[in-house]
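Let's take a look at this one together. Have the sequence and the 3D view ready.

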Amino acid sequence: MKAKYAAILAALLGSICCVGPLLLIAVGLGTSAAVIGRYHWFFLIGAFAILVWAWAKHFREKTLCACKHRPMDGRGISLFTLLIASVIVLAFAGLSIRSYAFAESPPSRPIKRIDGVAAVQVSGAGKTATVDYDPAKTNPAQLVAAINSTGYQAVLPNKSDFF
């Protein structure tokens, strides 16, 4: 496999975590999109591995051509493809890292602005929010209203849920 084709494969593999779910939703297979999201780090690691291999192949071929004192066929397009693929893979990796490093659940922002709220923990997977607040400064109804204003549906738990 030529280095430029490996670079294209790496770019496709690196972008599949973001582009793949959109394509699956477009063709009506939206439930399959969650599978890609769950394994997106494997796609990115695979993309990095293929990209490193493509760069090594490019430089190996360049060195071989230099030893034989002949020009490298398609050197410009190969180098251009490798550079573009590297930018694409790094961009998608950066987006993934940014989403994990700076992730904050949307409902926690308006709740933190309410006077008397000490801490908020939101679990997207468990669909729950735990709020530590000062009952002298706010009440559960205000907290529920703040969550509902974000577009999420909040209800107070029954007292029987605690026992």
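## The second largest pocket

How many nonpolar, polar and charged residues does the lining of the second largest pocket have? By class, the lining has 4 nonpolar, 2 polar and 5 charged residues. (Ala, Val, Leu, Ile, Met, Phe, Trp, Tyr, Cys and Pro count as nonpolar, Asp, Glu, Lys and Arg as charged, and the others, Gly among them, as polar.) A pocket here is an open set of points on a 1 Å grid over the protein atoms alone where a 1.4 Å probe fits, with protein on both sides within 12 Å along at least five of seven lines; lining residues have an atom within 4 Å of a point.

Lys2, Glu61, Asp73, Gly74 and Ser78 are the closest to its centre out of 11 lining residues.

## Where the model comes from

This is a predicted model: local features need pLDDT of at least 70, side-chain atom pairs count only at pLDDT 80 or more, and totals for chains, interfaces and linings use all residues. Residues are numbered from 1 along each chain as its sequence is written, and side-chain values use heavy atoms, leaving out hydrogens and water.

## A stacked pair

The structure holds 1 aromatic pair (ring centres of Phe, Tyr or Trp, with its six-membered ring, within 6.5 Å). Tryptophan 55 and phenylalanine 59 are stacked (planes under 30 degrees apart), at 5.7 Å centre to centre and 20° between the planes.

How values were computed: Phe/Tyr/Trp six-rings, centres within 6.5 Å; stacked < 30°, edge-to-face > 60°.
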